[in-house]
Each structure stands twice: as C-alpha cells, then as structure tokens.
Amino acid sequence: MRIALLIPLALLAACSSDKPQQDELVTLDGGPSATSGSVSASAGGTTPAPTTGTQAVDAEGSKLEPLLSSAISAAGLDSGACRFSPAEGALPVLVAGKTGGKAFVSVAGKMVDVVASGPVAQTGGSFSGEGVTLMVSASGKDAAGSAASMQVSDSDGPSFSYQDGFWACN
C-alpha cells in the first residue's frame, strides 16, 4: 500500500522539474518580459527595427488606454480641460488643459505627455510628443460635448482613427 503511494509521488516529482535554462519567455509585442529588440527565433520571428518614441499604433489599431480619474486628478486636469473618449460615456484616452499646457495619454501603462500645437477648444486640437501625434476634430456645437474624431499617428508611419468619439471641455 505504501509503495503504491510512493510511485505516483516519485513520478510527479520527476515531471515537475525546472525548465531548462535555454527556454525563456519572449513576447512578440516587445512586452516587459521580452528581450529588447528581439523576437524568439523558435516563433519564426525576425529582429524588428528599433522604434523611436512611443508606439501608440500597430497593425491591430490604437494602443491608447483609458485614463482613470485618479491619473487625471494627479495631473491637475479635473477642471479647465478637454477630454476625448472613444464613445460618449466611455473613459477618456486623451485629456488636455484648455490653456494649452498639460495634455497626456496612456500607452502600454506609461503616461505620455503631449503638447498642444495650437489652441485647445471645443472644436478640438492637435497634440504631439514622444513620437506620437494626435489630432482631434469636433463639431463644438454643444457646450456639454460633441461628436468627434481623433487621428492617432506614430512617427514611424502607422495611424489609427477614432471615428465615433466624444470631445468635451469643462
């Protein structure tokens, strides 16, 4: 009876040995566990060209992330700011001070400061920083906010457009 219990335990111990050292987790999107600038050869990948700035757009679309109220408060943009959301009622992905000062987005968990290249108003604005350019166009007809679109472009070429967004200034 004791031998019958020991054999499965011995097999389990043999199966749960550590991975060989040559195996390492590499993500294809260059995530934090990836070696910078490389893709696993076993995945059939090649070494991508180094990117300049922040990659806010890729083949799958925009990489902008929703901004939480705590991040907006920490930036001091609770009031006197304009916000672009992918849809009315959704969390914003861009927040900009109306005075043209602070503006930011979040890409891959990193807050990215962008600078307005002109006035920020109810009709939108243009922003750039760290290899990303954003252009918001809104009708500006309603003080409570209006339908808007936003073009997001990377310095290395790809772009993405939010067509049914919402731009509101307070």
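**Disulfide and cores**

Tutor: The structure holds 1 disulfide. This is a predicted model, in which local features need pLDDT of at least 70 and side-chain atom pairs count only at pLDDT 80 or more, while totals for chains, interfaces and linings use all residues. Residues are numbered from 1 along each chain as its sequence is written, and side-chain values use heavy atoms, with hydrogens and water left out.

Student: Why is the link of Cys82 to Cys169 called a disulfide?

Tutor: A disulfide is a pair of cysteine sulfur atoms within 2.5 Å. The S to S value for Cys82 and Cys169 is 1.9 Å, so the pair meets the definition. With 105° about the S-S bond, the link is right-handed.

Student: Are Cys82 and Cys169 buried or exposed?

Tutor: Both Cys82 and Cys169 are buried, that is, under 20% relative accessible area with a 1.4 Å probe, protein chains only.

Student: What is meant by the largest nonpolar core?

Tutor: A nonpolar core is a set of buried Ala, Val, Leu, Ile, Met, Phe, Trp, Tyr and Cys residues joined through side-chain atoms within 4.5 Å. The largest such core has 24 residues, and Leu64, Phe84 and Leu94 are among those with the most contacts inside it. Strand β10 (132-138) is one of the elements that give two or more residues to this core, and β10 gives the most, with 4 residues.

Note on methods. Buried means under 20% relative accessible area, exposed over 50%, partly exposed in between (1.4 Å probe, protein chains only).
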